[in-house]
Amino acid sequence: MPASKSELHKQAVDPQLDLNKLRGLGPKRREALEAMGVSNQRELLLLFPRSYDDWSTLTPLSEVQEPGLYTFRAEIANRPQFSRRGKLSWLRLRLWDGVTSVQATYFNQPWLREKFQPGDSYIFHGKLDLSGPRKTTINPAFISTDLADQLGMLAIYPLKQGLTQKLLRAAVDQALAQGLASRFTDPLPAQARQDYGLSSLDYALHKIHQPQNPYELSLARKRLAFDELFLLRAAMQFFGQEDLTQLEAPALVTSDRIKAGMRDLRESLPFELTRSQVEAINDVLRDLRQSKPMNRLLQGDVGSGKTMVALFAAAYVGLAGGQSLLMAPTSILAEQHYATFQPYFQSIGLKVNLLLGSTKAADRRSLAEACQSGETSLLIGTHALLQEDLHFQNLVLAITDEQHRFGVKQRANLGSLKQTGGQVPHRLLMTATPIPRSFAMIFFHDLDMSIMRDMPSGRQEVITEIASSQDLPRVYARMRAELENGGQAYVICPLIEESEKTDWESAETTYRDLAERVFPDFRLALLHGRLKAEEKDTIMEAFVDKKIDILVSTTVVEVGVDNPEASIILVKSAERFGLAQLHQLRGRVGRGERQSYCFLHSDSDQDTAQERLQTLVQHTDGFALAEVDLKMRGPGDFLGTRQHGLPSFQLLNIYDDQTILREVNALIDQIDQWPEPERSQELDLISCALSERYPHLERGLVL
């Protein structure tokens with residue numbers, strides 16, 4: 001008989017799991033663990049090793065043909081030679097396995113000259129260098145040959161100050177010895193474990209920390225990586241997310257009047273729509289004619305013209321007698337949308353209103369009345385839309401621009417704004433962040449997608465260059481030439497203020513240097529996230545109105561600033577940003593007819609950093625860059641997941657684990673079709689497993 005849901009959740013909360021029950025973990029060490037997100041023994045077992053020292057395979061020295069990390073048995077062939085120079089000491093000795101020898105050097109470990117005696121045998125583990133006339137190794141670890149039958153793979157954990165590998169291993173050993181691994185709730189059906197070749201959860205938790213060989217580790221990693229994705233997908237699929245298949249949205253009916261209005265709108269455009277825009281508009285209009293609620297994600301690279309798709313969608317709704325709302329992440333972007341939409345809507349007899357946090361109370365009341373009466377065809381605003389008691393007469397379409405900039409609950413609220421009739425609005429989500437296909441399969445599996453890949457005609461490609469600090473005078477000369485020609489410039493920094501922990505460029509220091517030394521004859525402004533919303537909006541409006549020549553900023557300008565006169569951007573310490581983020585920043589320029597420039601400043605001598613920046617120089621396709629970025633950096637905070645409370649993947653690699661991705665999606669679909677009570681019992685197990693492993697995912701996710 002399966003345990004009830006309340007019994008399962010009671011098992012998930014156990015005071016005996018406090019860290020102070022483990023030997024060797026005093027208050028300071030527990031504090032260091034809590035800084036790593038480990039506040040109890042369950043979370044300790046869920047802190048997986050980042051790598052392993054593999055002692056499981058002994059390699060004879062004579063078989064070593066390439067440099068690398070090896071485990072080998074050898075005896076001390078001579079009396080160690082000890083030397084000292086100031087505070088530095090070193091011990092040299094020859095290790096011999098009966099066929100081949102290696103010279104070992106130990107730095108600052110003088111006590112070893114008494115321990116190592118000629119003829120003694122040990123098992124050594126270390127990097128062997130073959131570049132000189134003989135094999136050499138520095139500071140190899142060693143154990144007694146009596147422990148040879150206990151050799152395995154030694155876990156290497158991420159650490160904070162005050163913790164050591166030995167301490168963490170001992171703490172994990174204690175938790176495992178008490179049988180904690182067997183007390184985790186296993187959310188996977190037994191048949192699924194058999195079908196997909198997955199180990200038990202108890203086995204996986206033991207072997208991820210204490211594998212004896214690579215095979216055991218691979219079994220553990222596969223099972224736990226499967227769990228990572230399965231629980232996240234289950235949280236999104238089954239908990240806290242409305243079932244759109246059980247809901248209805250208004251189904252619009254096309255008429256001759258609507259067709260004429262849409263034709264007039266298209267003919268009023270001062271440009272031709274791109275093929276991608278036409279295809280995306282048709283996708284949306286087709287969805288709006290269905291009673292099934294549209295749930296469509298519109299992906300378009302920077303400058304691809306997504307706003308026009310939203311405009312045509314909202315116009316179609318308005319001409320059909322319905323209402324739309326459009327939520328933008330910033331006031332400046334909301335105002336830009338209003339300025340774009342208002343003249344087009346006015347030309348076809350539709351009313352547009354703007355609601356911001358700064359809107360006066362009397363105006364708010366008027367807007368609320370216009371929404372309820374149906375007078376307003378389109379309401380544009382920021383998150384202030386969600387804080388109002390808004391009632392719509394016939395809300396047909398809810399549009400979210402840069403949708404991943406909003407928290408999960410905000411987007412859920414947006415889809416459930418009050419209206420008469422009990423129907424839900426169609427949803428159109430827009431983003432300029434190209435989402436790799438593998439990522440979309442996880443996070444946006446339930447959305448229809450429209451992807452815009454071509455650009456409006458007349459857009460010039462932004463010239464991108466990498467610049468070191470020695471190149472900055474040349475960059476500033478280029479910037480001065482642009483300013484004198486009527487252009488404007490961005491200078492982006494990774495930090496607001498100086499930090500003792502890093503030499504990254506700060507916005508405050510850069511602003512002072514540019515204003516006082518480099519560009520004292522131009523108008524500069526400083527923008528960062530600590531400013532109040534009103535201050536940010538004022539600065540951005542002044543920049544768009546050409547009252548500011550150079551805007552020094554952090555990444556708060558990454559999304560939603562459309563200034564066609566901005567023609568040059570300099571990103572300081574560019575290696576600190578992801579490729580997708582740098583591409584977004586580059587998209588702040590090149591939005592008008594001016595030839596534009598992007599300079600990526602970096603003094604990093606790391607090959608990977610330079611390789612990433614070169615990728616940006618060579619590619620202008622945001623979708624290609626997003627794939628490269630995801631491969632290089634992993635998912636990380638790609639879609640602002642920290643903001644949403646999504647767990648990060650410790651083990652899953654969404655490129656290498658495509659099979660797991662397909663299997664998890666298939667299993668989720670199977671469970672969704674199970675009859676009762678089996679389906680409810682499985683969801684109880686999943687809910688309890690989520691409580692144990694990701695307690696912050698209380699009510700699931702809506703993306």
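Predicted model: local features only at pLDDT ≥ 70, side-chain atom pairs only at ≥ 80, totals over all residues.
Local features need pLDDT of at least 70 and side-chain atom pairs count only at pLDDT 80 or more, while totals for chains, interfaces and linings use all residues. Residues are numbered from 1 along each chain as its sequence is written, and side-chain values use heavy atoms, with hydrogens and water left out.

Q: Why is the pair arginine 478 and glutamate 482 called a salt bridge?
A: A salt bridge requires a side-chain nitrogen of Lys or Arg within 4 Å of a carboxyl oxygen of Asp or Glu. The N to O distance between these two side chains is 3.0 Å, and the pair therefore meets the definition. Both residues belong to helix 16 (residues 472-484), and because they are 4 residues apart, about one helical turn separates them. Helices here are DSSP runs of H or I with at least four residues, and strands are runs of E with at least two, numbered from the N terminus.

Q: What makes arginine 478 partly exposed and glutamate 482 buried?
A: Buried means under 20% relative accessible area, exposed means over 50%, and partly exposed lies in between (1.4 Å probe, protein chains only). Arginine 478 has 29% and is therefore partly exposed. Glutamate 482 has 7% and is therefore buried.

Q: Which parts of the chain does the salt bridge of arginine 480 and aspartate 521 tie together?
A: The side chains meet at 2.8 Å, N to O. Arginine 480 lies in helix 16, whereas aspartate 521 lies in the loop between helix 17 (507-518) and strand 21 (524-527), so the bridge ties together parts 41 residues apart in sequence. At 24% relative accessible area, arginine 480 is partly exposed.

Q: What is the N to O distance between arginine 296 and aspartate 283, and are these residues buried or exposed?
A: The distance is 3.9 Å, and the pair therefore counts as a salt bridge. Arginine 296 and aspartate 283 are both buried. The bridge links strand 10 (residues 295-300) with helix 10 (residues 275-288).

Q: What makes a set of residues a nonpolar core, and which members of the largest one touch the most others?
A: A nonpolar core is a set of buried Ala, Val, Leu, Ile, Met, Phe, Trp, Tyr and Cys residues joined through side-chain atoms within 4.5 Å. In the largest, which has 63 residues, Phe226 and Phe230 touch the most other members. Helix 8 gives the most to this core, with 13 residues. A second, separate core of 43 residues includes Met308, Phe345, Leu350 and Val396.
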